[in-house]
Amino acid sequence: MPEPLKKDEVNSETDPTIAKQFDTTTPKHEQIEEFYKTVDGLKVGLLSTNRPGIGPVARSMAIAQRKGPDFYFLANKHSQKFKDLDNDKNVQITFQNSSTQDWVSVTGEATLASHDSPKVKELYAPTMKAWFGDLGDGVHNGTADDPRMAVIEVTSKFIVYWKSTVGTLGFLKEVGVGALKGEVAQTGITRHLEEADIKHAREG
């Protein structure tokens, strides 16, 4: 149910939605497993890079592989995002489930690998040819040997995600009652995975 706004939350300049929904009880290993379950179920996210003179630029990309808390993408090295990454390796991956409104934000650092990396063949699937095309020259053919193939590995540094704890009717009730009574709706839980948590997950 919605919770009353407290005076000390205002005085301390606390966002009550964050404070009241922040998960301080679930063990970190369970939070990590739920993070995995959420992103594995979505499979596609927005990869944001930083473009000089513009700022963050995002595009939808399928996850080629998740390895622990880190992510791999297979992409065309001729795309603008590689120029962005040459300038700034800091990236963000975001996911959202449109049915539950669950969302995930991953802040990380990108490492690039060219077409001759063994990782390309490991990640490659024949359907990827549809996104590269075949020039007919025996080289630029959309296969794993195509020199345009490149890998983006994102090493996670900070993860925040929100998980709904109510259904559609429960959400509407929380918001309606909260607005009517001047209280803060309780619709889900927010979790943070800091660098130490992520390192532990990577080593686990």
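Tutor: Gladly! Let's start with D84: it has 0% relative accessibility, so it counts as buried. Keep in mind that this is a predicted model.

Student: Why is D84 called buried?

Tutor: Buried means under 20% relative accessible area. D84 comes out at 0% and therefore counts as buried. As for its place in the fold, D84 is found in helix α4.

Student: Which residues is D84 in contact with, leaving aside its neighbours within four places in sequence?

Tutor: D84 is in contact with T49, N50, R51, P52 and R59. The test for a contact is heavy atoms within 4.5 Å.

Student: Let's turn to the aromatic rings. What makes the pair of F35 and F71 edge-to-face?

Tutor: Two numbers do the work here. A pair of aromatic rings is described by the distance of the centres and the angle of the planes. Centres must lie within 6.5 Å for a pair, and planes over 60 degrees apart count as edge-to-face. The centres of F35 and F71 are 6.3 Å apart and their planes stand at 80 degrees, so the pair is edge-to-face. This pair links distant parts of the chain, with F35 in helix α3 and F71 in strand β5, 36 residues apart. Both F35 and F71 are buried.

Student: Why is the pair of F35 and Y161 called tilted?

Tutor: Their centres are 6.3 Å apart and their planes at 35 degrees, so this pair is tilted. Under 30 degrees would count as stacked and over 60 as edge-to-face, with the rest tilted. Because F35 lies in helix α3 and Y161 in strand β8, the pair ties together parts that are 126 residues apart in sequence.

Student: How do you know that F35 counts as buried?

Tutor: F35 has 1% relative accessibility, so it counts as buried. Y161, also given as 1%, counts as buried by that reasoning. The count comes to 4 aromatic pairs, and F35, Y36, F71, F95 and Y161 form one aromatic cluster.

Student: What makes R66 a charge over the ring of Y36?

Tutor: The distance part asks for CZ of Arg within 6 Å of the ring centre, and the direction must be within 35 degrees of the ring normal. R66 lies over the face of Y36, at 4.0 Å from the ring centre. The charged end of K119 likewise sits over the ring of Y72, 4.1 Å from its centre.

Student: Which members of the largest nonpolar core touch the most other members?

Tutor: They are F35, F71, F73 and I152, in a core of 26 residues. Elements giving two or more residues to this core include α3, β5 and α7, and β8 gives the most, with 5 residues. Apart from it lies another core of 10 residues, among them L74, L123, Y124 and A144.

Student: How do you know that β6 and β7 pair?

Tutor: At least two bridges are needed between two strands. β6 and β7 are joined by 7 bridges and run antiparallel. N90 stands opposite E109 in β7. In the hairpin of β6 and β7, with 6 residues between the strands, Q101 takes a positive phi near 70 degrees.

Student: How many bridges are there between β7 and β8?

Tutor: There are 11, and these strands pair in the antiparallel sense. The bridge partner of S105 in β8 is V160.

Definitions and conventions: Residues numbered from 1 in each chain as written. Predicted model: local features only at pLDDT ≥ 70, side-chain atom pairs only at ≥ 80, totals over all residues. Heavy atoms only, no water. Core = buried A, V, L, I, M, F, W, Y, C linked by side-chain atoms within 4.5 Å. Buried < 20%, exposed > 50% of the residue type's maximum accessible area, 1.4 Å probe, protein only. Helix = DSSP H or I, 4+ residues; strand = E, 2+ residues; numbered from the N terminus. Phe/Tyr/Trp six-rings, centres within 6.5 Å; stacked < 30°, edge-to-face > 60°.
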